[in-house]
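Have a look at the model first, then follow the steps.

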Amino acid sequence: MIAMSLSRGHVELLQFLRDRTAVIFTFFFPALLLLLFGTIFGSESTESGVAVSRIFTASMIAYGILNTAFVTMGSGLAMDREDGTLKRLRGTPMPATAYLIGKGLLVFALSVAEVAFLILMGVVVFDMPLPPADHWVTFLWIFVLSTVACSLLGIAVSGLVKNARNAGAILNVPVVALQFISGVFIHPMTQLPEWLQNVASIFPVRWMAQGFRYVFLPDGAKAQEIGGEWHLGTVAVVLGVWCVVGLILCLVTFRWSGRDK
């Protein structure tokens, strides 16, 4: 199955790279938002003395992963289901697990490239210093848990998309909403009503962004977080729980063809 998974991942990557629209939207839209927000607010500093552009860079990594993993996975499965790709694969020796791992390899590769691009922009354009070595260990597990959780949730919601051509628009609705209430576009989150803070705390994006801010911001910046702490333990627990929830939803909702087929 490993060979089939790797082979499928190679096919998925080639198909993605041939779609120039998908490449541009996936890589350059988050970077464009970072450039706009960082340029507009970059000269400002928070009470802790951290440049706003640096905060946006760290927070936008969470958006980059969500946009790449959740939207790419969800829309990709919806398209494969609608155009009959999944139906044809069902008649081959390839199991669903190998197909999904192949998709996952694509998402993982894109997420690595997306995050590297955003970090490069932060360093080159906004003079963001790189974190110390021990913070990269934290970055690694947050990145892995975030990518897995968002990918699994993308698989789960793909079954809700009835028309693949509308998949991007449908899947971007929760993505954009979560960015605004999770401390990515609006920071600190204490500016939001308490009930919105509580809603955001249920979902993984708030904890993804907070974890990446820990990695790239000085320790004094934690004063801007809810509760005045980084809460890395909670970050790990929430992301881990969403990985489990996403897996359960995938097992329950995944199907080879649409409901009407």
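**Exercise 1: the largest pocket**

Find which helix gives the most residues to the lining of the largest pocket.

Solution. Start with the answer: α3 contributes most, with eight lining residues. Helices here are DSSP runs (H or I, at least four residues), numbered from the N terminus. A pocket is an open set of points on a 1 Å grid over the protein atoms alone, where a 1.4 Å probe fits, with protein on both sides within 12 Å along at least five of seven lines; lining residues have an atom within 4 Å of a point. This is a predicted model, in which local features need pLDDT of at least 70, side-chain atom pairs count only at pLDDT 80 or more, and totals for chains, interfaces and linings use all residues. Residues are numbered from 1 along each chain as its sequence is written, and side-chain values use heavy atoms, without hydrogens and water.

Next, the volume is about 690 Å³, meaning the space filled by probe spheres set on points joined across faces, edges and corners. Among the 27 lining residues, Phe16, Asp19, Ala22, Ser75 and Gly76 are closest to the centre.

**Exercise 2: the second largest pocket**

Describe the lining of the second largest pocket by class.

Solution. First, its volume is about 410 Å³. Of its 19 lining residues, Leu100, Ile101, Gly104, Leu152 and Ile155 lie closest to the centre. Then sort the lining: 15 are nonpolar, four polar and none charged, where Ala, Val, Leu, Ile, Met, Phe, Trp, Tyr, Cys and Pro count as nonpolar, Asp, Glu, Lys and Arg as charged, and the others, Gly among them, as polar.

Note on methods. Helices (H or I, at least four residues) and strands (E, at least two) are DSSP runs, numbered from the N terminus.
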